[in-house]
Amino acid sequence: MLGGWSAPVKSSTPASAYVRPAAALVSLTSLELIVEGGSGAGMVSDIPVVIQRDSQNNITGFTIGTPKALDSSGLGRYPTAVLLHNGDILAAWAWQNSTRTMVKSLRWDSSTGWTNLAGSSSTPDIALLDSVSITWFVPNMIERPDNNNVYLMANRFTGPPETIALNKATWNGSGWSWGSQNITYETNCSDADDDLVGLAWDPVRSLVVVAYGITGTLSYGVFTLTSQDLKTHLDTPSLAVTNRGWAGIAVHITTGDYYIFFMNVNTDGGSGPLGYVRSPAGGAWNPTVNYLDSATTDQVLSLRPTGTSPTIDLLYATGTSSPSTIKFTSVRPSNPSSFSVSANPTTLTTQAGSSAISTITLTSQNGFTGTVSLSTNISPSGLTASLSPSSITLTSGGTGTSTLTANSTTTGTYTVTVVATSGSAAQSVQVTVRVTDFMVSAQSSLTVTSGSATTSTVTLTSLNGFAGTVNLAPSASPAGVTVSLSPTSMPLTSGGTGTSTLTVSSSTVGTYTVTVTGTSSSLSHQVTISVSVVASSGFSVTANPSTVSFQSGSNASSTITLTSFGNFSGDVDLSESVTPSTGLTVSCDPASVFLSSGSSANSTCTLTSSTPNTYTVTITASSGSLSHTATITVGVRDFTISASPTTVNVQAGSSGTSSITLRSVAGFTGTINFSIAVTPSGLTASISPASISLSPGGSGSSTLTINSTKVGTYTVIVTGTSGSSTHSVTITVNVQDFTLAVNPSSLSIASGNSGTVTVSIAGTGGFTSTVSLTAVCTPSGPRLSLSSGSVSLSSGGSGTSTLTVRTFHKTPPGTYTITITAASGSLTHTITVVLTVT
């Protein structure tokens with residue numbers, strides 16, 4: 001290490017000591033410290049720090065600002081923080097009372113300060129919550145550079161449970177939102193008191209790497225996460241140490257080798273020599289511990305990868321009692337052959353529909369030779385990108401280039417990640433592509449009085465940073481109208497707007513379409529304006545609204561406005577016609593209005609229908625030879641209801657279902673509530689859900705459940721109601737059963753003889769099924785047999801089986817009870833026969 005350590009700069013002494021700081025370097029001159037402590041124990045505070053630097057960016061001093069309390073509850077601990085790709089800071093800390101333990105978070109940005117992720121409140125988000133196992137979480141976080149998602153992981157300060165909890169904040173292009181927690185993401189993790197779950201980024205393979213102590217072992221659990229959150233374990237073998245603690249994970253930024261640094265401690269949370277184990281890229285962990293400091297009092301480790309010539313830098317403490325020493329060391333692994341990838345330029349700006357190029361350069365490092373394949377990942381979608389060539393063969397010390405071509409017809413800002421791979425080695429570079437455009441806008445309609453001119457404003461708007469000159473040209477169809485623009489050329493600055501005045505004149509009454517076309521290089525956009533040229537003396541008619549919709553069985557209205565122009569004065573009569581001609585009624589009040597010169601008057605047209613459809617209403621305003629029309633489009637919405645099946649057969653005591661389906665008609669939207677009517681009584685019916693919300697053209701269904709113990713035929717009417725619309729469907733329910741009878745009901749047989757009983761089964765309520773029969777004699781002795789063990793019944797049918805009772809000479813005389821059981825599905829009936837043996 002060059003240079004030396006400067007004298008420390010201290011903050012003012014707080015009421016409760018600052019501990020466990022987490023630092024976020026916002027810029028070369030700005031640092032935020034998130035700490036536990038402040039004006040009270042258990043507080044979480046933010047301490048701003050200004051960094052002074054000289055002209056070579058060497059640090060010359062610090063100014064510590066006024067602390068801000070992020071959590072003043074007195075229940076916070078273990079803060080952590082991460083600087084995000086857009087310059088925001090995400091802070092998280094543990095919080096615990098007697099009933100809950102959790103991890104809270106706040107986000108900082110330079111304009112609004114500390115808020116929740118959504119930016120809507122200063123109340124922290126709850127990222128993790130456990131109301132069962134009340135032991136402290138100790139959180140850690142990392143942001144993925146490839147998709148900007150943030151992982152928050154936490155193990156427990158002391159277990160049980162031996163778990164790692166996870167939540168992920170997903171980046172949507174403009175902000176983050178927390179997902180659903182998984183508090184048992186890993187279930188074999190040791191305590192965080194000296195083995196906090198460690199997180200690192202593997203830039204070679206674009207993976208998040210996670211390391212933790214495996215409880216009850218001398219091994220470390222290691223797993224990686226892809227951008228799709230696919231987890232792969234790479235656990236270490238058991239290490240030849242007394243105990244392990246204070247571990248951290250690091251990734252060599254060139255080779256992709258993994259390193260776990262730790263102390264061979266004398267006890268849990270104790271001290272011991274500092275060493276590391278290594279897993280080469282694509283290989284397995286070497287269990288041999290490489291010691292960096294043999295002191296037996298080493299403890300507490302902080303590490304990070306640094307520099308363009310990769311090193312892994314460590315800070316750690318030596319000494320278990322005062323005075324202790326903070327030591328610095330650096331591990332410089334050997335640099336194997338590899339390659340680098342760069343882009344020039346890294347930011348492209350192009351107009352929609354055009355292309356832009358960037359030169360991708362591959363450079364051999366440390367004697368690398370081989371073929372490197374190139375591919376692209378694009379976010380968000382909407383841009384196409386190609387590489388030519390898509391692979392480059394490098395010689396030792398050589399370079400090669402490929403041309404990245406990007407184009408899109410959709411305005412936006414895109415990120416193209418160029419990935420270079422050769423075997424297990426992978427490097428990437430990002431190119432930002434900004435696609436710009438412009439928009440032409442104007443009012444949609446214009447009224448021009450015959451023989452005069454009318455003006456309108458045409459507006460040009462820069463989209464996504466467009467800058468350039470836009471040329472404007474007007475045209476009109478059909479012939480008979482004159483149009484002009486001033487100016488016809490307009491420079492736009494990035495994000496700016498400009499206007500041109502459109503002048504329209506004509507002496508010919510009629511309707512025209514004026515098109516204004518704006519062009520800039522390959523870009524071309526149009527706006528059309530409907531121009532109505534009216535007589536110099538007359539009136540106009542408009543409908544507002546011109547599109548009306550309402551539910552079947554109700555009504556709506558539109559206001560007809562008549563406006564005099566020129567010197568027109570007189571009565572104007574209104575009439576209406578409807579297409580299709582039936583299903584909608586129209587009534588305009590008043591049906592005749594008087595217009596004085598330059599005045600306006602209104603009439604209200606009421607539209608009523610109980611027939612769903614789309615109607616076109618034409619309102620004709622007439623005065624003498626003058627006649628003008630306005631059109632109203634009317635949508636009458638409704639819904640339909642149906643049942644499947646419409647006949648339900650159930651056995652007495654069981655339940656059955658029918659699916660009730662609702663469908664939107666003519667764009668119906670709304671919530672429909674169900675009600676049920678049953679006749680006669682004796683049947684129970686319910687429906688779930690009890691209401692359904694339909695979107696235009698959509699459908700939904702509920703389940704009708706019915707049951708009864710009473711045989712019979714029932715009618716169930718399900719009614720759907722929404723506002724003034726009501727529709728019903730009828731379901732017939734047959735509750736079925738069967739009867740069981742015997743003849744005779746008593747039997748007398750001498751010992752050694754036999755007798756018979758006829759068993760009769762009859763269906764009720766349309767019962768159709770097979771009934772099984774069994775017979776048992778109590779006490780035992782006589783032999784029983786049925787001619788048929790089952791009877792199949794059709795609707796309204798019956799059947800019999802003959803029970804033969806045989807006695808033996810040794811059968812004791814006496815009275816016996818024969819129980820006959822008939823069963824079908826959930827239905828069971830029994831009957832007895834009294835047997836006398838003489």
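Residues are classed here as buried when their relative accessible area is under 20%, as exposed when it is over 50%, and as partly exposed in between (1.4 Å probe, protein chains only). The structure is a predicted model, in which local features need pLDDT of at least 70 and side-chain atom pairs count only at pLDDT 80 or more, while totals for chains, interfaces and linings use all residues. Residues are numbered from 1 along each chain as its sequence is written, and side-chain values use heavy atoms, with hydrogens and water left out.

Side chains of opposite charge can pair when their charged atoms come close. A salt bridge was assigned where a side-chain nitrogen of Lys or Arg lies within 4 Å of a carboxyl oxygen of Asp or Glu. The structure contains 11 salt bridges. In one of these, Asp-109 pairs with Arg-107 at an N to O distance of 3.1 Å. Asp-109 is buried, at 11% relative accessibility, and Arg-107 is buried as well, at 10%. Both residues belong to a salt-bridge network that also includes Asp-88.

Asp-146 and Arg-144 form another salt bridge, with N to O at 2.9 Å. Here Arg-144 is buried, with a relative accessibility of 0%, whereas Asp-146 is partly exposed at 31%.

A further salt bridge joins the side chains of Asp-293 and Lys-327 (3.1 Å, N to O). Because Asp-293 lies in strand S23 (residues 286-293) and Lys-327 in strand S26 (residues 325-331), the pair ties together parts that are 34 residues apart in sequence. Strands (E, at least two residues) and helices (H or I, at least four) are DSSP runs, numbered from the N terminus. Asp-293 is buried, at 11% relative accessible area, and Lys-327 is partly exposed, at 27%.

Ala-200 is located in strand S16 (residues 198-202) and is buried, with 10% relative accessibility. With neighbours within four places in sequence left aside, Ala-200 is in contact (heavy atoms within 4.5 Å) with Ile-142, Leu-207, Val-208, Val-209, Ile-249 and Val-251. The C-alpha atoms of Ala-200 and Ser-27 are 21 Å apart, at a sequence separation of 173 residues.

On the surface, Leu-315, Ile-326 and Phe-328 form a nonpolar patch with about 270 Å² of accessible area together. Patches comprise residues with over 30% relative accessible area and no salt bridge, nonpolar side chains (Val, Leu, Ile, Met, Phe, Trp, Tyr) being joined within 5 Å and like charges within 9 Å. Accessible areas come from the Shrake-Rupley method with a 1.4 Å probe, and for residues only the protein chains shown count as cover. Leu-315 belongs to strand S25 (residues 311-318) and is partly exposed, at 33%.
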